[in-house]
Amino acid sequence: NVGDKKIIVNGLKLIPQFDKLEFGKKVGKQTDRLEMGISRVEIEGFDPEKFILENEICIRSILIDELVLNAYRDKNVLFDYSHFPKYPQQSIAALTMGLNIAKIEIRNSSVLYEQLAEEADYPGAVPINNLYATITNVSNIKNVIEEKGPMKWDIRSNFFDAGLLEVEVLFTKNIHSPDFSIKGKMGEMDMKAFNSLIENTDNLRIDNGIINSMTFHAEANEEYAEGEIVLVYDSLRITGLKKIREKEKEELGFFSALANVVIRSFNPPRKSKEEPKPMAIFIERDKNKGIFNYLA
């Protein structure tokens, strides 16, 4: 509707040409197979005159309702080490036309990330449900960034469909820079929910454990991210898993026992008056992978 500068799309689907087993082999390199459906997209405040006369995309808001995304990666396929993906702000900076989107809102959405580890029989899964996200100040126009501030992501979701995770990602005004900061928190969560991923990717199983709360913050640059995390948990017990021959079972039992000695079962220690022990975050950036790998 040109009169009120509004665009509505009822129903949008992205359907891969090949199934999960074929996709990586057909592409010839390791990448994410994306299957997506969106119930409704509403674009408001689109300015066609700026687009035609000034080569600028100016939009007041974009609403994405009921996005369902399935991302699948087969790690048995060769990895492409010649690929160095840009981060979102750098991709925006590289556009030849002006871009100014004041707000993008995602609501009532869900994401399922699946990863088939090398020689694994089944993929590990990370389900994210009840996803709500607001992205503000998506722009490559210098005076707009100076006035409105840098791009910011606010995300809230049920992580592993078990714990409420809230995350804020703040970028810098220099959109050519990969730098950003992240902070977040999570409430109570049954740690056994992690088994949907780690049993098939890391040969580990959490037999018991409750996260009572988690807070974290970090500053990230082109080389690494560093910050601090405070994870309050109790009753943690883990088991090492592996397809093993009969003679290796005793050795694996020793590993499981050792892991439960080395990894503290309670933070703070049980029946103590100590405060929870904060730990340092230090992550080296994998420059062959995108921002979501870095955040994860």
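The legends below describe several close-up views of a predicted model.

**View 1. The whole chain, shown before the close-ups.**
The chain of this predicted model holds 7 helices and 12 strands, and its C-alpha trace spans about 75 × 50 × 35 Å along the principal axes. Of the 296 residues, 39% count as buried. When contacts between residues at least 6 apart in sequence are considered, 65% of them join residues at least 24 apart.

**View 2**
Strand S3 covers residues 56–74, and 16 bridges join S3 to S4, the two strands running parallel. One place to look for this pairing is arginine 73, whose bridge partner in S4 is glutamine 115. Between the two strands the chain passes through helix H3, and this β-α-β crossover from S3 to S4 is right-handed. Strand S4 also pairs with strand S5, which is made of residues 124–139, but here the sense is antiparallel and the pairing extends over 12 bridges. In this second pairing, valine 111 has isoleucine 128 of S5 as its bridge partner.

Lysine 75 is placed in the loop between strand S3 and helix H3, the helix being formed by residues 88–93. Isoleucine 155, by comparison, is 80 residues away from lysine 75 in sequence, and the C-alpha atoms of the two are 28 Å apart in space.

Side chains of opposite charge can pair when their charged atoms come close. Here the side chains of aspartate 65 and arginine 107 meet in a salt bridge, with 3.4 Å from N to O. Aspartate 65 lies in strand S3 and arginine 107 in strand S4, which is formed by residues 98–116, so the pair ties together parts that are 42 residues apart in sequence. The two partners can be told apart by their accessibility: aspartate 65 is buried, with a relative accessible area of 12%, whereas arginine 107 counts as partly exposed at 30%.

**View 2. Further salt bridges in the chain.**
How many salt bridges does a search of the whole structure find? The search finds 17, and one of them is formed by aspartate 154 with lysine 152, whose closest N and O atoms are 3.8 Å apart. Both partners count as partly exposed, aspartate 154 with a relative accessible area of 31% and lysine 152 with 27%. In another salt bridge, the side chains of aspartate 190 and lysine 192 meet at 3.2 Å, N to O. Aspartate 190 is partly exposed at 31% relative accessibility, and lysine 192 is likewise partly exposed, at 36%.

**View 6**
A pair of aromatic rings is described by the distance of the centres and the angle of the planes. The count for this structure comes to 12 aromatic pairs. In one of them, the ring centres of tryptophan 153 and phenylalanine 171 are 5.2 Å apart and the planes stand at 65 degrees, so the pair is edge-to-face. Tryptophan 153 belongs to strand S6 (residues 152–159) and phenylalanine 171 to strand S7 (residues 163–171), so parts 18 residues apart in sequence are tied together. Tryptophan 153 is buried at 7% relative accessibility, and phenylalanine 171 is buried at 3%. Phenylalanine 160 and phenylalanine 194 form another edge-to-face pair, with 4.9 Å from centre to centre and 75 degrees between the planes. Both of these phenylalanines are buried. One aromatic cluster is formed by Tyr87, Trp153, Phe171, Phe180, Phe292 and Tyr294. Over the face of tyrosine 87 lies arginine 285, at 4.3 Å from the ring centre.

Technical notes:
Residues are numbered from 1 along each chain as its sequence is written. This is a predicted model: local features need pLDDT of at least 70, side-chain atom pairs count only at pLDDT 80 or more; totals for chains, interfaces and linings use all residues. Side-chain values use heavy atoms; hydrogens and water are left out. Helices (H or I, at least four residues) and strands (E, at least two) are DSSP runs, numbered from the N terminus. A salt bridge is a side-chain nitrogen of Lys or Arg within 4 Å of a carboxyl oxygen of Asp or Glu. Buried means under 20% relative accessible area, exposed over 50%, partly exposed in between (1.4 Å probe, protein chains only). Two strands pair if DSSP finds at least two bridges between them. A crossover is right-handed if, with the strands pointing away from the viewer, the path from the first strand over the helix to the second runs clockwise. Rings of Phe, Tyr and Trp (its six-membered ring) pair if their centres lie within 6.5 Å; planes under 30 degrees apart count as stacked, over 60 as edge-to-face and the rest as tilted. A charge sits over a ring if NZ of Lys or CZ of Arg is within 6 Å of the ring centre and within 35 degrees of the ring normal. Contact means heavy atoms within 4.5 Å.
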